[in-house]
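Hello,

Here is the structure I said I would pass on to you. Please open it beside this message, and then read on for what turned up in it.

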Amino acid sequence: MKYILVIGDGMADNPVPELGDKTPLEVAAIPVMDHFAQNGEQGSVLTVPEGVAPGSDTAILSIFGFDPRQFYSGRSPLEAAGSGVKLEDGDASYRCNMVALEDGPMPYEEKKILSHSGGSIDGESSIALIQALMADERFAAMAQKYGMTFYPSPSFRHIAVQKGADITGLAAAPPHDHLGEVIAPWLPKGAPVAEGLREMMALAHEVLDKHPINETRRAAGKLPANGVWFWAEGVAIALPSFYDAHQKKGLVISAVPLVRGIGALAGLDFAEVEGATGELDTNFEGKADAALAGLADGYDFVVLHVEAPDECTHNGDTPGKLQAIEWLDSRTLARLQAGLNAAGEDWRMLILSDHKTLTSTRGHDGDPVPYILYDSRGTVASGLAYSERNAQKGPYIAQGHTLISRLFEEA
């Protein structure tokens, strides 16, 4: 028996007026997911426990079988692990987003944040900008003053690690939750370290705003990646062994450091896929091929994560979200289904969104999400296409971290 977990990040949603009061899952052409839902178990699962902030960090911890109320210490340490950054005692880790702040003569604090991803900046440009920032004498001196080290990543997502930082009480808001808003109320606050973070963010904007890369982006009609945003603070964390818990040798396929980091901390391996970007232009086919290759090479369990639906929603791109969901279906799941059937071995697949990402707000929501649990042996059939509404007619899993055991038939 082989086991596959497919996460379509943020693809679940609420009804959208512009889509005829249907959700993107209800509008998108997804014949493969519909087949799995109709011929498998379809239900709803609460991946984010009540009282826990909704996000991929807390939700995907749950999906991997780890209760975030017990194992969550912040998002950034998970991403650091996925980027090969080892935290020591006393270190605080932050996600350092490249962001787009509005142009204009207003003071820094009065600017609005327009994009949490620097206008979906490409990896090469993002690295060049963070390197330019570290090469600036004023910024380098300030980073040294506050004990901050930066670890560039080929995306808008960088990691920053601060030595000897007490982050108790720190409030650092997720930038994607405040798009189009003035930044002053959302700058880091609540702890002594916040002052240094705010100083570095203000100086970073000054350094990056007129960088040639950003001037070129403006000339091309793109948003500039003219700021950095510290958030997702946390300290080092350890996760139990996934193999010890489930006796499954596992492989993770994702372009996102967060997902790779959760896997790495749990002892799962990681497969690099050329062209996997975390955006709509990701290599959908390559992810399916990597999953099939991993299963053929002796892995019992593969996690296949696609970030594109979430990113499109954050960017206010509803057509892009629909396209991402349809391509996950036609370019990844169809290819995966064909390969699994050709291999001639029984298999079970769990498909779900980690959380809802709402078209109405461009932010995350902690409501239950629909899941599909399909067994190639044909043990259950819901008879219903895949959607949030149809899922409510099936089982409800109140403890999201127990769903993985349902995939493995442990419960």
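Below are some notes, going from the whole chain down to single residues.

This is a predicted model, so local features need pLDDT of at least 70 and side-chain atom pairs count only at pLDDT 80 or more, while totals for chains, interfaces and linings use all residues. Residues are numbered from 1 along each chain as its sequence is written, and side-chain values use heavy atoms, with hydrogens and water left out.

**The whole chain**

The chain holds 16 helices and 15 strands; these are DSSP runs numbered from the N terminus, with helices being H or I of at least four residues and strands E of at least two. Its radius of gyration is 21 Å, close to the 22 Å from the globule rule for 411 residues, so the chain is as compact as a globular protein of that length. That radius is taken over C-alpha atoms, and the rule is 2.2 Å times the number of residues to the power 0.38. Along the principal axes, the C-alpha atoms fill a box of roughly 65 × 45 × 40 Å.

Of the 411 residues, 58% are buried. Here buried means under 20% relative accessible area, exposed over 50%, and partly exposed in between, using a 1.4 Å probe and protein chains only. As for contacts (heavy atoms within 4.5 Å), 74% of those between residues at least 6 apart in sequence join residues at least 24 apart.

**The cores**

A nonpolar core is a set of buried Ala, Val, Leu, Ile, Met, Phe, Trp, Tyr and Cys residues joined through side-chain atoms within 4.5 Å. The largest one has 44 residues, and those with the most contacts inside it are Tyr94, Met98, Met148, Phe150, Val228 and Phe230. Elements giving two or more residues to this core include strand S3 (92–101), strand S5 (148–151), strand S7 (227–234) and helix H8 (193–208). H8 gives the most, with 9 residues. A second, separate core has 38 residues, among them Ile4, Leu25, Ala28 and Ala291.

**A covered helix**

Have a look at helix H5 (residues 75–82), where 7 of the 8 residues are buried. The buried ones include Arg75 and Glu79, along with Leu78 and Ala80. Their cover includes helix H3 (56–63), S3, strand S6 (157–162), S7 and helix H11 (257–265). After H5 comes Gly84, with a positive phi near 80 degrees.

Asp21 has a positive phi near 60 degrees without being a glycine. Asp21 sits in the loop between strand S1 (2–8) and helix H1 (24–27), and is partly exposed at 47% relative accessible area. Glu409, likewise not a glycine, has a positive phi of about 60 degrees. Glu409 lies in the segment after helix H16 (403–407) and is partly exposed, with a relative accessible area of 44%.

**A buried arginine**

Which residues does Arg348 touch, leaving aside those up to four places away in sequence? Among them are Met1, Lys2, Tyr3, Ile4, Asp375, Arg406, Leu407 and Glu409. Arg348 is in strand S11 (residues 347–352) and counts as buried at 7% relative accessibility. Arg348 and Leu407 are 59 residues apart in sequence, yet 6.9 Å apart in space, C-alpha to C-alpha.
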